[in-house]
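Please read this note with the model open beside it.

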Amino acid sequence: MKILTFSGATPAEALKKAQLEVGEEAMLIETREVQKKSLGKSALYEIVVGVEENSVPKPRAKVEEPLMKQRPLAQKSSDVLYNISEAAKQISKIAEVTEDERTPAQMPVRESEDLKRIKEEIEKLGDKVKLIQNMFWSEKAPKIQAAIPPEFAEIYRLAQQSGMDQEHLDEIMQLTLEHMPSKMRESSATVKRYFQVLMRKMIPVRLETPPRNGAKKVIMLVGPTGVGKTTSIAKLAARFSYLLEKKYKVGLVVLDTYRIGAVEQLMQYARMMKLGIETVVDPPEFSSALNALRYSDYILIDTMGSSPYDKGKIEKIYECLRGNDTEYSVDVVLVMPSSIKYEDLKATYENFAPLGIDTMMFTKLDETRGFGNIFSLVYETKVPISYFSVGQEVPEDLVVATSDFLVECLMNGFSRGENT
């Protein structure tokens with residue numbers, strides 16, 4: 001076999017010389033870069049071909065003749081030789097890049113634009129995959145009149161799994177579709193942000209305000225047994241007397257004489273914080289207890305826990321409120337656990353409603369993953385939230401209610417340190 005070498009400024013140029021000289025019967029042995037392109041010097045490439053000595057070279061008449069189709073590689077040994085025509089297309093691709101006439105100033109701009117376009121396409125593809133994973137929209141879409149874009153699938157699934165009432169969820173979806181700009185519907189991420197903003201506006205909260213002009217604040221906590229009323233009273237007492245910028249005088253009233261342990265627990269908190277405390281056995285004693293604590297800025301009242309369906313105990317609390325002949329108005333706070341479903345929260349609210357609920361407080365946020373039930377209750381009743389209890393620690397695990405806090409929990413779950 002006769003070995004021949006051809007050189008050129010590009011692999012394509014060397015290939016053309018070989019094709020003109022020996023035709024397509026030669027075998028390509030090697031392609032190598034002899035000299036790199038540098039300032040003032042052009043690149044130099046060499047290709048080495050082999051030709052059978054008894055064969056007659058068939059020079060090409062035209063370089064533009066069709067090249068032979070590339071054959072598949074059937075062997076992996078190092079001595080396999082490739083026909084020139086088999087490598088022609090690959091070298092041509094190299095030549096297209098090498099011979100590109102773009103200027104250095106143009107290349108970064110074009111590459112940047114291409115990269116940006118690729119990233120946009122990847123984001124859109126990822127968004128579509130996420131939608132498919134979230135749900136089969138045609139089967140689980142809300143039953144509302146307007147057509148639902150598929151980008152709403154993720155936000156719908158999150159809200160539904162949070163325990164939100166179905167009717168409330170569909171109403172919010174309807175409002176979102178009516179008011180959301182069309183440009184924001186292109187991505188599930190923008191849909192989620194808009195949905196969160198809309199929900200924040202639908203959550204009523206009672207801002208914490210200090211007593212003014214010598215007035216007193218009387219706060220009564222009511223609710224079912226075991227929801228954490230006594231612990232919440234201790235948290236509020238510590239907050240008002242030690243944690244705020246101004247240290248207020250706090251007094252405690254105990255109506256829960258049914259549970260001796262609850263009375264002892266609150267008395268222990270009172271001794272630790274050096275607070276005045278009064279106990280009430282019968283409703284007529286209620287006004288006397290308030291007057292005994294008239295030196296206080298805040299008077300916090302702990303009541304007996306009862307089943308929402310125990311009308312007798314709820315009526316006794318009502319008698320205390322009805323018999324209040326002092327000048328102090330009582331702010332009634334319904335305390336409920338966040339870990340029960342919406343229907344149970346609603347039933348609890350309806351049974352305690354005759355007491356005149358001013359605000360609601362939700363406890364045990366660290367014991368649940370769904371918060372849509374809380375949203376549905378405040379959305380339905382329009383009664384504001386005043387506080388959240390997120391654990392058993394006194395006084396740390398108490399959060400003043402904000403709509404941002406609840407929406408963050410609803411969409412992303414409660415995480416101690418991030419939400420508080």
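This is a predicted model: local features need pLDDT of at least 70, side-chain atom pairs count only at pLDDT 80 or more; totals for chains, interfaces and linings use all residues.

1. Residues are numbered from 1 along each chain as its sequence is written, and side-chain values use heavy atoms, with hydrogens and water left out.

2. Strand 6 (residues 250–254) is largely enclosed by the rest of the structure, because 5 of its 5 residues are buried, buried meaning under 20% relative accessible area with a 1.4 Å probe and protein chains only. Val250, Leu252 and Val254 lie on one side and Gly251 and Val253 on the other.

3. Strand 6 runs parallel to strand 8 (residues 298–302), joined by 5 bridges, and parallel to strand 7 (residues 276–279), joined by 4 bridges. Leu252 stands opposite Leu300 in strand 8, while its bridge partner in strand 7 is Ile277.

4. The largest pocket holds about 290 Å³ of space. Of the 18 residues that line the largest pocket, Arg206, Thr209, Lys217, Ile219 and Asp331 are the closest to its centre. By class, this lining has 10 nonpolar, 3 polar and 5 charged residues, and strand 5 (217–222), strand 9 (330–337) and strand 11 (385–389) each supply at least two of its residues.

5. The count comes to 1 cavity of 30 Å³ or more, and the largest cavity holds about 40 Å³ of space. Leu255, Val280, Val281, Met304, Lys316 and Cys320 line the largest cavity, dividing into 5 nonpolar, no polar and 1 charged.

6. On a 1 Å grid over the protein atoms alone, a cavity is a set of points where a 1.4 Å probe fits but cannot get out, whereas a pocket is an open set with protein on both sides within 12 Å along at least five of seven lines; lining residues have an atom within 4 Å of a point.

Conventions. Grid points are joined across faces, edges and corners, and a volume is the space filled by probe spheres set on the points. Ala, Val, Leu, Ile, Met, Phe, Trp, Tyr, Cys and Pro count as nonpolar, Asp, Glu, Lys and Arg as charged, and the others, Gly among them, as polar. Buried means under 20% relative accessible area, exposed over 50%, partly exposed in between (1.4 Å probe, protein chains only). Two strands pair if DSSP finds at least two bridges between them.
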